[in-house]
Amino acid sequence: MKKTAALVAAIGVFAVCCTAYALYSVSDTGDWPESWPDELEPLREQSRTLVGPQFEARHFAIRFANREEFESAWPHILQVKTEGAPIILVRGENFFLDVGNDAGVVVHCPPAGQENNPATPEAPIPGTDNPRSRWRNTNYIELVVDGEVVDLNRVEFPADTPIVDERFDDDGNG
């Protein structure tokens with residue numbers, strides 16, 4: 001009886017996890033645009049690309065194993081952020097980086113070609129308080145802080161960039 005209950009529970013967890021991933025198309029490489037800085041090219045192999053869930057938003061997750069690698073890439077990552085868009089600080093395991101990764105960067109981008117649609121300008125959405133919803137028509141950065149590889153004492157932020165700190169939120173972000 002205990003084995004049956006455990007099997008049913010395992011199948012349930014598997015089904016829920018598969019459903020979450022089915023909302024996204026996932027590639028285990030960084031499929032970001034060729035227009036991004038050349039200095040990011042070596043990071044494609046250690047990155048993931050997720051597209052979805054609802055309107056083909058693109059999410060480029062870059063995992064870092066050591067501080068030096070992150071710190072040399074950081075200025076180039078900032079170049080792809082839309083001017084005025086925020087950097088959102090989070091901690092812990094991150095869905096976009098994948099299980100077991102708690103240091104890295106996720107660049108959230110609108111659907112490919114959206115910049116050519118006048119109905120969705122690359123700007124914040126007025127009247128929206130949630131920073132992720134407000135900035136979804138732009139490239140904004142989610143910085144996954146672990147204190148070692150990504151150490152906020154060693155990271156420089158652009159002066160004109162809003163910083164949203166979700167590391168200690170009670171809603172599961174930190």
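Select strands β4 (residues 87-91) and β6: 5 bridges join them, and the two run parallel. Strands here are DSSP runs of E with at least two residues, and helices are runs of H or I with at least four, numbered from the N terminus. Two strands pair if DSSP finds at least two bridges between them. Show V90; opposite this residue, in β6, stands V144.

This is a predicted model: local features need pLDDT of at least 70, and side-chain atom pairs count only at pLDDT 80 or more, while totals for chains, interfaces and linings use all residues. Residues are numbered from 1 along each chain as its sequence is written, and side-chain values use heavy atoms, with hydrogens and water left out.

Pick V105 and find its bridge partner in β6, L143.

Stay on β6 (residues 140-145). Is this strand enclosed or open? 6 of its 6 residues are buried, so β6 is largely enclosed by the rest of the structure. Buried means under 20% relative accessible area, exposed over 50%, and partly exposed in between (1.4 Å probe, protein chains only).

Now move to the rings. The structure holds 9 aromatic pairs. Rings of Phe, Tyr and Trp (its six-membered ring) pair if their centres lie within 6.5 Å; planes under 30 degrees apart count as stacked, over 60 as edge-to-face, and the rest as tilted.

Select W32 and F60. Their ring centres are 6.4 Å apart and their planes stand at 85 degrees, so this pair is edge-to-face. W32 sits in the loop between β1 (25-27) and β2 (47-51), and F60 in strand β3 (residues 58-63), so the pair ties together parts 28 residues apart in sequence. Both W32 and F60 are buried.

W36 has a relative accessible area of 7%, and F60 has 1%.

Then select F64, F70, W74 and F157, which form one aromatic cluster.

Finally, zoom out. The protein chain has 3 helices and 7 strands, in the order α-β-β-β-α-β-β-α-β-β. Buried residues make up 39% of its 174 residues.
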